[in-house]
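Dear colleague,

Please find below the structure that I am handing over to you. My notes on it follow directly after.

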Amino acid sequence: QLSTAQPSPQRVPSPEEQEWEGPEALCPGWLEDEAPDGEVPGDSGDPDCATHAYERLQSALCQEGLPPTLDCSAEPRTGFGPLDMTVCILGSPTAFLPVLLEGGTRCPGAMVLCLSPTWASRVPSETSPGAWSLLLSRGVSFKVGGHSALETFVPPRRANYVTGTFALGDPEGGWVGELARDLDCPTGGSVPLAHRLEDTLVTRWVLAARANLPVPPTLAFVLGARGDLPSEPVAPGVRLVRLEDPQGQQSLVQEE
């Protein structure tokens with residue numbers, strides 16, 4: 001638990017406290033306002049939940065027996081150019097933790113975790129008209145041995161590859177999808193793609209009709225029009241029944 005009480009002068013900070021100054025380093029002033037009833041302290045000063053995501057990352061690292069993240073944000077990193085490799089992971093700190101750790105071993109410093117939309121910005125691309133470049137002003141970089149560091153980048157560091165938690169049910173899904181939209185670099189997904197992959201009917205129809213792969217026998221009842229499917233999809237093992245109105249069609253459902 002975090003506390004607003006001031007430590008006594010005799011208290012010696014632990015190594016973890018010396019390495020990371022806490023949520024105050026992420027969002028200055030987050031403890032200044034009293035939290036309203038029912039809210040977690042820090043919500044008012046941290047609307048995008050960067051603090052909570054950072055704490056989840058520390059918990060995940062601890063569970064893996066890895067050292068906590070060093071706070072190096074006071075000394076900005078400089079010298080990054082457009083040819084420097086930057087693989088940006090947007091959103092959840094735990095979903096891509098194995099990728100971040102392996103990437104930190106193979107390409108130290110190239111894997112950067114972005115926990116907040118305020119840590120990145122979109123600017124018009126200089127190479128692809130109509131597209132955008134993603135610039136990182138802050139991020140958690142990973143190195144050999146599971147070591148990580150919270151860093152600021154001056155000038156902002158340009159992402160060469162972007163992926164993240166695009167799932168619609170994920171709390172970070174909204175801002176992740178917006179930051180990764182229409183970028184001038186390769187991306188590992190998108191919100192529309194995640195929506196399609198989570199649709200069992202679309203997935204099975206694509207696998208059966210387009211890839212000739214066997215799928216489990218599927219009977220699907222669809223309400224109204226589905227623009228993402230043909231009017232009469234033909235796929236082995238998949239049968240689609242369109243219902244104009246769910247009321248009064250129990251006999252049709254039982255017959256099918």
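Which backbone nitrogen lies 2.6 Å from a polar atom of the side chain of Asp84? It is the backbone nitrogen of Gly81, a polar contact in the sense of a pair of N or O atoms within 3.5 Å, where within protein one must be able to donate a hydrogen and the other to accept it, and where residues adjacent in sequence count only if both atoms are side-chain atoms.

Please note that this is a predicted model, in which local features need pLDDT of at least 70 and side-chain atom pairs count only at pLDDT 80 or more, whereas totals for chains, interfaces and linings use all residues. Residues are numbered from 1 along each chain as its sequence is written, and side-chain values use heavy atoms, with hydrogens and water left out.

Asp84 is located in the loop between strand S1 (70-71) and S2; helices (H or I, at least four residues) and strands (E, at least two) are DSSP runs numbered from the N terminus. Because its relative accessibility is 33%, Asp84 counts as partly exposed (buried is under 20% relative accessible area, exposed over 50%, partly exposed in between, with a 1.4 Å probe and protein chains only). Apart from neighbours within four places in sequence, Asp84 is in contact (heavy atoms within 4.5 Å) with Gly79 and Asn160. Asp84 and Arg158 are 74 residues apart in sequence, yet their C-alpha atoms are 8.4 Å apart.

Strand S2 (residues 87-90) runs parallel to S3 and is joined to it by 4 bridges; two strands pair if DSSP finds at least two bridges between them. From S2 the chain passes through helix H4 (residues 97-106) to S3, a right-handed β-α-β crossover (with the strands pointing away from the viewer, the path from the first strand over the helix to the second runs clockwise). Val87 has Met111 as its bridge partner in S3. On the other pairing, 2 bridges join S3 to strand S5 (residues 132-142) in antiparallel fashion, and Leu113 stands opposite Val140. Within S3 (residues 111-114), Met111 and Leu113 point one way, Val112 and Cys114 the other, and all are buried.

Some backbone geometry also deserves mention. Most residues other than glycine have a negative phi, and most peptide bonds are trans. The Val154 to Pro155 peptide bond is cis, with omega near -5°, and Pro155 belongs to strand S6 (residues 148-158). Asp182, not a glycine, has a positive phi of about 55° and lies in the loop between helix H5 (173-179) and helix H6 (191-198).

With kind regards
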